[in-house]
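The entries follow the order in which I looked.

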Amino acid sequence: MADSPDVIERVKDAVTERAELPGMSLFEHLDELRRRLIHAVIALVCGYIVAVFFAPQLYKLVQEPLDKIHIQLNFTHPADLVNLRYIQIPLVGGTILAAPVILYQLWLFISPGLYRREKRFLVPFMVAAVGLFFSGAFLGYRYVFPGMLKFLISDLSAQLGIHPIISIEEYTSFFLSLILGMGAVFEMPVVIFFLALFGIVSPRFLWKNFRYAILIIFIIVEIITPSPDITTQLAFALPMLALYIISIGVAWWVHPDRAKKKDETK
């Protein structure tokens, strides 16, 4: 990818610059990290407890895509249902419930290494991080996952004349990895936000490597949408391309060079 050595140098410069900011010592940073981790774990435990009580309702959401194609799940081990009811679903549900608190703790840990003008991005960061994750998860749940099931189970099994028998363990793992993966993919502008804020990437770098971004996006789409239908693939690639373009705008908004030029004009 173009300008890779320059990116490495910018990473080094960003780390050096932030390390020179007046603030906490190494031991104070470690103590702050411990404090933030404890708060995040407490939020996760509280979210898990709430999700345990609503696990049957949450499972209905997991089962719904299979109901639409009239497939019944099976379990092959006596502990599968216990694992599903008290571990997998509550843990994921609890993590999602605790996500705003966990993200806030992350911000509080990072904020001592930010300049005063950068700390005003707290609200945009929280809104974007939570909103983009749920948008990606919703897109995956409502469109990507049902489309995959239809192609992989209904269409292919009909073509080959094979009756599908799907276990709870395999289905829920597949479901959760795809939904959470889609949510993570949609965090692209948030990742670019921090990289640009620290001066590691610039709008020019992102625009110059746009063609590589298109290639990577279509590779990801090819993996998560095995259907050969180009319309289906474009339906998922276009939002991701839009997010990349938005990321370029985010990089321009928060990049240190823009702040310096703004200060010079005052």
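**Entry 1: Ser-247.** I began with the surroundings of Ser-247, which touches Met-188, Pro-189, Ile-192 and Leu-206, not counting residues up to four places away in sequence. For contact I required heavy atoms within 4.5 Å. Ser-247 itself is found in helix H10, residues 230-254. Helices (H or I, at least four residues) and strands (E, at least two) are DSSP runs, numbered from the N terminus. I looked up the relative accessibility of Ser-247 and found 0%, so Ser-247 counts as buried. The classes are buried for under 20% relative accessible area, exposed for over 50%, and partly exposed in between, with a 1.4 Å probe and protein chains only.

**Entry 2: basis of the values.** I note that the model is predicted, that local features need pLDDT of at least 70 and side-chain atom pairs pLDDT 80 or more, whereas totals for chains, interfaces and linings use all residues. Residues are numbered from 1 along each chain as its sequence is written, and side-chain values use heavy atoms, with hydrogens and water left out.

**Entry 3: the whole chain.** I noted 11 helices and two strands. From the N terminus the elements run α-α-α-β-α-α-β-α-α-α-α-α-α. Of the 266 residues in the chain, 40% are buried. Among contacts with a separation of 6 or more, 84% join residues 24 or more positions apart.

Entry 4: How many of the 10 residues of H7 are buried? I found eight, so that H7 is mostly covered. The buried residues in H7 are Met-188, Pro-189, Val-190, Ile-192, Phe-193, Phe-194, Ala-196 and Leu-197. I then looked up the packing of H7 (residues 188-197) with H5 (residues 122-160): the angle is about 150° and the axes are 8 Å apart. H5 is thus roughly antiparallel to H7. In this contact Phe-125, Ala-128, Ala-129 and Leu-132 of H5 meet Pro-189, Val-190, Phe-193 and Phe-194 of H7. By class these residues are eight nonpolar, no polar and no charged. Axes are lines fitted to C-alpha atoms, for helices over the stretch in contact, and angles run from 0 to 180 degrees between N-to-C directions. Angles under 35 degrees count as roughly parallel, over 145 as roughly antiparallel, 65 to 115 as roughly perpendicular and the rest as oblique. Ala, Val, Leu, Ile, Met, Phe, Trp, Tyr, Cys and Pro count as nonpolar, Asp, Glu, Lys and Arg as charged, and the others, Gly among them, as polar. H7 is followed by Gly-199, whose phi is positive, near 75°.

**Entry 5: H3 on its own.** I compared the 21 Å between the end C-alpha atoms of H3 (residues 55-68) with the 20 Å that its 14 residues should span at 1.5 Å a residue, and the two agree. The expected span is 1.5 Å times one less than the number of residues. I also noted a kink of about 35° at Val-62, shortly before the proline Pro-65. The bend is the angle between axes fitted to the seven residues ending at a residue and the seven starting there. Ala-55, Val-62, Gln-63, Pro-65 and Leu-66 of H3 are buried.

**Entry 6: partners of H3.** The axes of H3 and H6 (residues 168-185) come within 11 Å and cross at roughly 105°. These two helices are therefore roughly perpendicular. Val-62, Gln-63, Pro-65 and Leu-66 in H3 meet Tyr-171, Thr-172 and Phe-175 in H6, a set of five nonpolar, two polar and no charged residues. With H4 (residues 80-110), the axis of H3 comes within 10 Å, crossing at roughly 75°. H3 and H4 are therefore roughly perpendicular. Here Ala-55, Pro-56, Leu-58 and Tyr-59 of H3 contact Leu-84, Arg-85, Ile-89 and Pro-90 of H4; seven of the residues are nonpolar, none polar and one charged.

Entry 7: Is His-70 buried or exposed? Its relative accessible area is 72%, so His-70 is exposed. His-70 lies in the loop between H3 and strand E1 (73-74) and has a positive phi of about 60° although it is not a glycine. Ile-168, in helix H6, counts as buried at 6% relative accessibility. Ile-168 and Leu-73 are 95 residues apart in sequence but 5.8 Å apart in space, C-alpha to C-alpha. Leaving aside neighbours within four places in sequence, I found Ile-168 in contact with Leu-73, Asn-74, Phe-75, Leu-81 and Leu-84.
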